[in-house]
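Please read them with the coordinates open.

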Amino acid sequence: MSEERWVIHVPVVAPDLNRARIFARTATRALALLTSRIDAGEVTVSAEDAQGVRHRVFCDRRLAAGGRCTLPTDHTAPCTRSPLTRHR
């Protein structure tokens, strides 16, 4: 039996799709510093009046070596599984 999952929806106002995606990526990375339970591949943004039309924030393509791509949806580099958080 799989663990039950709950999704948190936090409306944030952004002036356009690009800035909404940037904010969502930033928020996801910040939350990933606090918990490993972030499912970045499922992070989406939508227009306030069209919440059923969601736009992915992270690529999330399956990688040949296993795992999923964690780069932004519009990336031009080859897909990779880079960590969501940057370690110094």
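1. Val12 has a relative accessibility of 45% and therefore counts as partly exposed; buried means under 20% relative accessible area, exposed over 50%, and partly exposed in between (1.4 Å probe, protein chains only). Val12 is located in the segment before helix H1 (17–34). Helices (H or I, at least four residues) and strands (E, at least two) are DSSP runs, numbered from the N terminus.

2. On provenance: this is a predicted model, in which local features need pLDDT of at least 70 and side-chain atom pairs count only at pLDDT 80 or more, while totals for chains, interfaces and linings use all residues. Residues are numbered from 1 along each chain as its sequence is written, and side-chain values use heavy atoms, with hydrogens and water left out.

3. Val12 is also part of a nonpolar surface patch of about 440 Å², together with Ile8, Val10 and Phe23. Patches are made of residues with over 30% relative accessible area and no salt bridge, like charges being joined within 9 Å and nonpolar side chains (Val, Leu, Ile, Met, Phe, Trp, Tyr) within 5 Å. Accessible areas come from the Shrake-Rupley method with a 1.4 Å probe, and for residues only the protein chains shown count as cover.

4. How many salt bridges are there? The count comes to four, a salt bridge being a side-chain nitrogen of Lys or Arg within 4 Å of a carboxyl oxygen of Asp or Glu. One of them joins Glu3 and Arg37, with the closest N and O atoms 2.5 Å apart. This pair links distant parts of the chain, 34 residues apart: Glu3 is in the segment before H1, and Arg37 is in the loop between H1 and strand E1 (44–47). Both Glu3 and Arg37 are exposed.

5. Arg19, in helix H1, forms a salt bridge with Asp16, the closest N and O atoms lying 2.8 Å apart. Arg19 is partly exposed because its relative accessible area is 46%; Asp16, at 31%, is partly exposed as well. Between Arg19 and Arg5 there are 14 residues of sequence separation and a C-alpha to C-alpha distance of 28 Å.

6. Asp60 deserves a look at its backbone. Found in the segment after strand E2 (50–56), Asp60 has a positive phi of about 65° although it is not a glycine. Most residues other than glycine have a negative phi. Asp60 counts as buried because its relative accessibility is 16%. Its salt-bridge partner is Arg68, with the closest N and O atoms 3.9 Å apart; Arg68 is partly exposed at 29%.

7. Which side chain of opposite charge is nearest to Arg25? Arg25, in helix H1, is buried yet has no salt bridge, and the nearest such side chain is Asp74, 4.5 Å away. For charge, Lys and Arg count as positive and Asp and Glu as negative, with His and the chain ends not counted. Leaving out residues up to four places away in sequence, Arg25 touches Val57, Phe58, Pro72 and Asp74, where contact means heavy atoms within 4.5 Å.

8. The largest nonpolar core has nine residues, among them Ala20, Val45, Val57, Phe58 and Leu84. The largest share of this core, three residues, comes from H1. Such a core is a set of buried Ala, Val, Leu, Ile, Met, Phe, Trp, Tyr and Cys residues joined through side-chain atoms within 4.5 Å. Beyond residues up to four places away in sequence, Ala20 touches Ala14 and Val45.
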